[in-house]
Amino acid sequence: MSDDLEIPPTVPEAAPRAAARQPTAPQPGLRARRSLARTGAYLILVALALFAIVPFSWLVLAAFDRQANVFVKVPTAWTLENFVNLFTNQDGLRLIVNSLIYSGGATLVLVVVATMAGYVLSRYSFPGRRPLMLGILLIRVIPPTAIIAPLYVIATSLGFLNTYYGVTLVLASWQLPLALWLMKGFFDTVPIEIEEAAWVDGATRLKAAFRVVLPLAGPGVGAAALIAFIGAWNEFLIPLVLISDPDKQPIALGLFRAYIQVDWGFLAALSVIYVIPAVVFYVVARRALQQSVAGGLAGT
């Protein structure tokens with residue numbers, strides 16, 4: 001008998017198992033139902049898109065139509081007459097400048113106040129801090145119509161009626177609670193050890209806050225500025241209550257007057273101009289937010 005025993009080769013089982021794991025082709029009925037469901041979903045999305053696009057299409061088309069009306073139609077002759085009328089005969093430039101003053105001033109005030117207050121609430125612990133923050137947030141929950149009467153009384157006693165600074169301060173204070181919570185949250189994400197390292201290197205608390213903590217919380221500053229500008233730019237009720245002088249009214253009240261007069265071409269042109277600053281500020285703020293996030297990650 002030979003000592004070298006030949007072991008017969010085993011039958012490979014991987015191939016049958018792999019073949020068994022292969023997915024089976026879907027049945028024709030199941031494939032048809034999936035195709036029908038996908039088609040229905042696309043039809044619903046198209047209907048929703050048309051529902052959202054039609055008002056904007058009317059806005060753009062009517063702005064360039066000399067004979068604009070309430071219906072959506074392509075102008076027979078494209079013209080810039082409505083925009084020329086906006087800036088020459090209808091005081092459109094004054095409305096835009098007033099809105100920029102109110103929105104820009106409110107943004108500046110809110111960013112400064114929210115940044116300093118958010119840093120204090122994030123880095124310092126004092127009695128009553130939590131009830132204070134909850135009370136500030138509760139102010140934003142109150143509907144604006146519920147504070148119109150007391151707001152008018154307070155504005156009258158402080159001399160805020162028909163003044164640029166009065167309306168600017170009121171607009172900034174109305175957007176402050178949300179921005180304050182936002183800034184406090186961003187400062188909480190910055191480790192205190194980074195600031196302590198700056199103190200060890202000889203920096204004062206104020207210098208460390210501005211040179212170290214604030215750049216890392218840059219996205220919060222950009223988000224607060226975006227909230228303040230768009231909120232103040234779109235605000236209608238507060239200027240309506242505090243401003244009765246036509247020369248100091250913002251563009252939101254100008255749109256209201258144009259709607260009453262039913263000049264569709266002027267209304268559409270003014271609406272197009274009304275949308276542009278908010279969109280531009282959003283694009284600029286979005287890029288600043290992205291750059292701040294990238295810089296903050298690189299700094300850490």
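**Cores, helices and charged pairs**

Reply: The largest nonpolar core has 29 residues, and those with the most contacts inside it are Leu 110, Val 167, Val 170, Leu 171, Phe 187, Ile 238 and Leu 242. Two or more residues come to this core from each of α4, α6, α7, α9 (205-216), α10 and α11, and α7 gives the most, with 8 residues. This is a predicted model, in which local features need pLDDT of at least 70 and side-chain atom pairs count only at pLDDT 80 or more, while totals for chains, interfaces and linings use all residues. Residues are numbered from 1 along each chain as its sequence is written, and side-chain values use heavy atoms, with hydrogens and water left out.

Me: What makes a set of residues a nonpolar core?

Reply: The set must consist of buried Ala, Val, Leu, Ile, Met, Phe, Trp, Tyr and Cys residues joined through side-chain atoms within 4.5 Å. In soluble globular proteins, nonpolar side chains tend to be buried together.

Me: Why is Glu 235 called buried?

Reply: Its relative accessible area is 14%. Buried means under 20%, exposed over 50%, and partly exposed in between (1.4 Å probe, protein chains only); Glu 235, at 14%, is therefore buried. Glu 235 lies in the loop between α10 (218-234) and α11; helices are DSSP runs (H or I, at least four residues), numbered from the N terminus. Leaving aside neighbours within four places in sequence, Glu 235 is in contact (heavy atoms within 4.5 Å) with Leu 171, Trp 174 and Ala 252.

Me: Why is the pair Glu 195 and Arg 123 called a salt bridge?

Reply: A salt bridge requires a side-chain nitrogen of Lys or Arg within 4 Å of a carboxyl oxygen of Asp or Glu. The N to O distance between Glu 195 and Arg 123 is 2.9 Å, so the pair qualifies. The pair links distant parts of the chain, with Glu 195 in helix α8 (residues 192-200) and Arg 123 in helix α4 (residues 92-123), 72 residues apart. Glu 195 is buried at 0% relative accessible area, and Arg 123 is buried at 15%. Side chains of opposite charge can pair when their charged atoms come close.

Me: How many salt bridges does the structure hold?

Reply: The structure holds 2 salt bridges. Lys 184 also forms one, with Asp 188, the closest N and O atoms being 2.9 Å apart. These residues are separated by about one helical turn, because they are 4 residues apart in helix α7 (residues 164-188). Lys 184 counts as buried at 16%, whereas Asp 188, at 39%, is partly exposed.

Me: How do you know that the buried residues of α6 are on the same side?

Reply: The buried residues of helix α6 (residues 148-158) are Ile 148, Leu 151 and Ala 155. They cover an arc of only 60° around the axis, so they lie on the same side of α6; the arc is that of the directions from the helix axis to the C-beta atoms. These residues pack against α7 and α11 (237-242). The face of α6 turned away from the buried side carries the exposed residues Ala 149, Val 153 and Ser 157.
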